[in-house]
Amino acid sequence: MESTATAAMTFAVPSTKAQARYRVLTRPTNPFIVPAGGVAQRPPARHLCIRAAIPRTKKEETVETVREQLENCYLLAGINYKGFTVKQFQELRKTFPESTKLIVAKNTLVYKAVEGTPWETLKPCMKGMNVWLFVHSEEIPAALKPYRDFQREKKLEDNDFTGAVFEGKFYGPDEFKKLETLPTRAEIYATLLGALKAPSSALVSTLQAPARELLMVLKAHIKNLEEQQALSCS
């Protein structure tokens, strides 16, 4: 009789270990903690892989965008845009002609795109916060002028050009005057026509001009001759 009562009592009141096990099983499971007698539950590994791949994809896209912009690019310049508001940046973009593109990209990604190319000389300005100006036109002064006007209007003296590469040469901030005063196409036309009508010494002086200016002069002269020939045949 006594043993039966003892058995019934044992069945009715779980042991301390059983109670502890019961509490563990009914408690919400933390996926990063191994439950007693169980196996740790962890998120599927594929989620971690997807999250890690997204930043790499964006970086690759940025590098590819920069490389595409370098095609038929005459000048690449950096501008310090630290402190710019979103509104200012949007206004600045509207001031440039279609032949000029403004792109925000990290220095490391831009350098990865230009590494091993003539644009690699841009390395000295790969510091700070840069927005990048890609000029797809021979009219360099006209491409730089919108930012100078914007800088003056908004009083952004500290947000100057950080550097530029033109014809494989690096120009620091203190050398931008040379780029901003390059002759326009019309001025080169006038120089060539004047030289052709002047004595031979003037023509020799024109031919000794920098290669870029001479090339533009010759192109202009050829185009002018073609137009005259087309008019005479019509």
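Leaving aside neighbours within four places in sequence, L179 is in contact with L75, I140, P141, L144, A164, F166 and Y171. Contact here means heavy atoms within 4.5 Å. The model is predicted: local features need pLDDT of at least 70, side-chain atom pairs count only at pLDDT 80 or more, and totals for chains, interfaces and linings use all residues. Residues are numbered from 1 along each chain as its sequence is written, and side-chain values use heavy atoms, with hydrogens and water left out.

L179 belongs to the largest nonpolar core, a set of 25 residues. A nonpolar core is a set of buried Ala, Val, Leu, Ile, Met, Phe, Trp, Tyr and Cys residues joined through side-chain atoms within 4.5 Å. Buried means under 20% relative accessible area, exposed means over 50%, and partly exposed lies in between (1.4 Å probe, protein chains only). L75 and L179 touch the most other members of this core. Two or more residues come from each of β1, α4, β3, α6, β4 and α7 (176–180). Helices (H or I, at least four residues) and strands (E, at least two) are DSSP runs, numbered from the N terminus. The largest share, 5 residues, is given by α6.

The strands form an open sheet of 5, in the order β2-β3-β1-β4-β5, with antiparallel pairing. Two strands pair if DSSP finds at least two bridges between them. In general, strands of a sheet pair through backbone hydrogen bonds, either parallel or antiparallel. The edge strands are β2 and β5, each of which pairs on one side only. From one strand to the next, the twist averages 20°. Helix α4 packs on the sheet and touches β2 and β3. The direction of α4 makes about 155° with that of β2. Axes are lines fitted to C-alpha atoms, for helices over the stretch in contact, and angles run from 0 to 180 degrees between N-to-C directions.

Strand β1 (residues 75–80) pairs with β4 through 5 bridges. It is joined to β3 by 6 bridges. Both pairings are antiparallel. G78 stands opposite W132 in β3 and opposite G163 in β4. A77 has L133 of β3 as its bridge partner. L76 is bridged to V165 in β4. Of the 6 residues of β1, 5 are buried, so this strand is largely enclosed by the rest of the structure.

Strand β4 (residues 161–166) likewise has 5 of its 6 residues buried, so it is largely enclosed by the rest of the structure. Antiparallel to it runs β5 (residues 169–171), joined by 3 bridges. F166 stands opposite K169 in β5. The two strands form a hairpin with 2 residues between them. In the turn, E167 has a positive phi of about 55°.

Helix α4 (residues 86–95) has a buried side that includes Q88, F89 and L92. Seen down the helix axis, the buried residues of α4 fall within an arc of 95°, so they line one face of the helix. The arc is that of the directions from the helix axis to the C-beta atoms. The face turned away from the buried side carries the exposed residues V86, K87 and K94. The cover over the buried residues of α4 includes β2 (100–104), β3 (130–135) and α6 (140–153).

Two loop residues complete the description. N159 is found in the loop between α6 and β4. N159 is buried, with a relative accessible area of 7%. Its side chain reaches the backbone oxygen of K82 at 3.0 Å. Not counting residues up to four places away in sequence, N159 touches I79, N80, Y81, K82, F84, Y147 and Q151. G128 lies in the loop between α5 (107–114) and β3. G128 is exposed, with a relative accessible area of 59%. G128 and I79 are 49 residues apart in sequence and 9.8 Å apart in space, C-alpha to C-alpha.

Methods
A polar contact is a pair of N or O atoms within 3.5 Å; within protein, one must be able to donate a hydrogen and the other to accept it, and residues adjacent in sequence count only if both atoms are side-chain atoms.
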